[in-house]
Amino acid sequence: MKNVIYLLLFLSTFRLVAQQDNKDKIASAKIAFLSDKIDLTPEQSTVFWPLYNEFQDKKYAIRAAIKTLKTESGSLSVTDEQLQTDFNKYLDLKTKETELEREYYKKFTQILKIRQVIALIKAEKDFTLMLLKKISN
């Protein structure tokens, strides 16, 4: 019985390590892809990437809150009043996400040329599409 428990612990740990390894590979690929597409100089990179990572962390937190909200609202036992409250929270979170983008894209224009910021927006979408194609193949 102990062997089975140890095997299950080992397999779950191995799975977590493999998932983290995939996340690290995707993050590295994204950095390389975006750096190439927006033609970052070494000087820009040192200032841009910490700011970009901060932006992504905040954006991820908002999207996680939206996902949680959608999951909770998906229950059939939710009242109309709760649905209205959740819908209002959803709209507030989407507004917060837009305000966050506005704030950080303005900060990016202090580091990058406007063409690079526009290229960044396009490159983020292109990277996502490329990743989805690779996953589907």
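Visitor: In which helix is aspartate 126 found?
Guide: Aspartate 126 is found in helix H4. Helices here are DSSP runs of H or I with at least four residues, strands are runs of E with at least two, and both are numbered from the N terminus. This is a predicted model, in which local features need pLDDT of at least 70 and side-chain atom pairs count only at pLDDT 80 or more, while totals for chains, interfaces and linings use all residues. Residues are numbered from 1 along each chain as its sequence is written, and side-chain values use heavy atoms, with hydrogens and water left out.

Visitor: Is aspartate 126 buried, partly exposed or exposed, and why?
Guide: Buried means under 20% relative accessible area, exposed means over 50%, and partly exposed lies in between (1.4 Å probe, protein chains only). Aspartate 126 counts as partly exposed because its relative accessibility is 26%. Its C-alpha atom is separated by 9.8 Å from that of lysine 37, 89 residues away along the chain.

Visitor: How many residues does H4 have, and what does it reach from its first C-alpha to its last?
Guide: The expected span of a helix is 1.5 Å times one less than its number of residues. H4 covers residues 114–136, which is 23 residues, and reaches 34 Å, close to the expected 33 Å. The buried residues in H4 are Gln116, Val117, Leu120, Ala123, Glu124 and Phe127.

Visitor: How many helices and strands does the chain have?
Guide: There are four helices and zero strands, in the order α-α-α-α from the N terminus. Of the 137 residues in the chain, 23% are buried.

Visitor: Where is aspartate 39, and what is its phi?
Guide: Aspartate 39 is in the loop between helix H1 (2–38) and H2. Its phi is near 55°, a positive value in a residue other than glycine. With a relative accessible area of 59%, aspartate 39 is exposed.

Visitor: At what angle do H2 and H3 pack?
Guide: Two packed helices are described by the angle between their axes and the distance between the axes. Axes are lines fitted to C-alpha atoms, for helices over the stretch in contact, and angles run from 0 to 180 degrees between N-to-C directions. H2 (residues 42–73) and H3 (residues 80–111) pack at about 175°, with axes 10 Å apart. The two are therefore roughly antiparallel to each other (over 145 degrees; under 35 is roughly parallel, 65 to 115 roughly perpendicular, the rest oblique).

Visitor: How many aromatic pairs does the structure hold?
Guide: Rings of Phe, Tyr and Trp (its six-membered ring) pair if their centres lie within 6.5 Å; planes under 30 degrees apart are stacked, over 60 edge-to-face, the rest tilted. The structure holds 13 such pairs. One of them, tyrosine 52 with phenylalanine 108, is tilted, at 6.2 Å centre to centre and 35° between the planes. This pair links tyrosine 52 in H2 to phenylalanine 108 in H3, 56 residues apart. Both residues are buried.
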